[in-house]
Amino acid sequence: MKNLESFIKKNCSNRNRGRFRLEDAIFHCDIDGRYFDETSLKKIIGFVEKVNIIAKNAKVSVCINIDCKWFKDKLSILVLECICYYLVTVREYKVKVNLTSQINIWTEGIKSSPLMLLDSYEQKSVQKYMKRFCFEIYHRHYRRLIKVDDFPLNSLSMFMTEIDSFLNVLGVSEKYRDKVSEVAVELIGNATEHGETDCLIDIDVTNAYKKINSDKLYCGVNVAVINFSEKLVGEAIRKKMMVNENQEGRYKELLSAYIHHKCFFNDKYTQEDFFNIAAFQHKISGREHNISTGGTGLTNLILALEELSDTHICYMVSGDRAIELRKEYIRLNENKWIGFNREGDFLNACPDPEVLINYGLIIPGVAYNLNFAVEKE
């Protein structure tokens, strides 16, 4: 997976050299607590860096012991899988994962995670892990690592059909699976075309769950997508806008909004947040040519899914900043701007503090966590 080592290095620092136990020539990393989240992931990366320094180029054995009540969400699982993939492919370590955690409608996919194959130090376990990390369509689990170097232009329609068929077999109704398939291929296209890097996509559909005080049955449709690129979501838009102050049309309005907003930038609302939000705006693009392109197709698709689902957890991460995608904040106003605030006003009002998150982990490129609870047919 391209730029995976860059992801590891960007999250290493002298303050983040993780602790380890050395028993029987095996390096152990112990993670516990109520939630396994980005803080847990950073501790593991710190551990990895410490082992790399000690082992140098030796092929050592590492064991990651996780005893947490819950995984925070699907993206946390996916990033952990990426770290383990780095260990077995780049470092060529023998890796074992001991994992204890409860499941819910958002994280039931851990049962089909390739992490479950890392239950011993045997080479065959590692080989199975590497294979399933890259591809699996089985039962309730869909997984693909899409290589940008092997990405033909007509692949998006193939992936849309493939994902739609996967969801159809599991009884997901047409109104949901159409939107999920469209969101998935939009994200794949963004990663390969704009991010110019590989894209890892993972989808699981859970068993039936009942809501409290209700007889209705719901299933989780959980999507996580990640790519590691040197291009952050809003960086190209920032560069494009800054090199030319004589902007026209919507870019002139964007520049005016930036001049207004930068007076309010602080550690909770940053310049990166502004341009990440700008990337969601209608006809705003970081491309050098054809400035009329860009749009809100992805935002509208996510909004449509949120309208259909009973509950949802949706957010995007780029760099160390995350934006929560909540339906009350991502509607187009009459001038086709998305405010990410209660006023619905992007140009004059700051985004609501509730949607801005300091993620605590650096994702070079972009990652999406999209969890939906939908009524089961």
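## Basis of the model

The model is predicted, so that local features need pLDDT of at least 70 and side-chain atom pairs count only at pLDDT 80 or more, while totals for chains, interfaces and linings use all residues. Residues are numbered from 1 along each chain as its sequence is written, and side-chain values use heavy atoms, with hydrogens and water left out.

Strands are DSSP runs of E with at least two residues, helices are runs of H or I with at least four, and both are numbered from the N terminus. Two strands count as paired if DSSP finds at least two bridges between them. Strands of a sheet pair through backbone hydrogen bonds, either parallel or antiparallel.

Four strands form an open sheet in the order 1-2-3-4, and their pairing is mixed. Strand 1 (21–23) and strand 4 (94–100) are the edge strands, each of which pairs on one side only. On average, neighbouring strands of this sheet are turned by 25° against each other, direction ignored. Strand 1 and strand 2 (residues 26–36) run antiparallel and are joined by three bridges; Leu-22 has Phe-27 in strand 2 as its bridge partner.

## Helices across the sheet

In what follows, contact means heavy atoms within 4.5 Å, and axes are lines fitted to C-alpha atoms, for helices over the stretch in contact, with angles from 0 to 180 degrees between N-to-C directions. Helix 2 (residues 38–55) lies across strand 2 and strand 3 (61–71), and runs at about 170° to strand 2. Helix 3 (residues 74–89) lies across strand 2, strand 3 and strand 4, running at about 180° to strand 3.

## Salt bridges

The structure holds 23 salt bridges, each defined as a side-chain nitrogen of Lys or Arg within 4 Å of a carboxyl oxygen of Asp or Glu. One of them joins the side chains of Arg-21 and Asp-30 at 2.5 Å, N to O. Arg-21 is partly exposed at 31% relative accessibility, and Asp-30 is partly exposed at 43%, where partly exposed lies between buried (under 20% relative accessible area) and exposed (over 50%), with a 1.4 Å probe and protein chains only.

Arg-326 meets Glu-328 in a salt bridge of 2.9 Å, N to O, and Glu-354 in another of 2.7 Å. Glu-354 and Arg-326 both lie in the loop between strand 10 (311–324) and strand 11 (356–375), so this pair ties together parts that are 28 residues apart in sequence. Elsewhere, salt bridges that share partners join Lys-74, Glu-81, Arg-143, Asp-202 and Asp-204 into one network.
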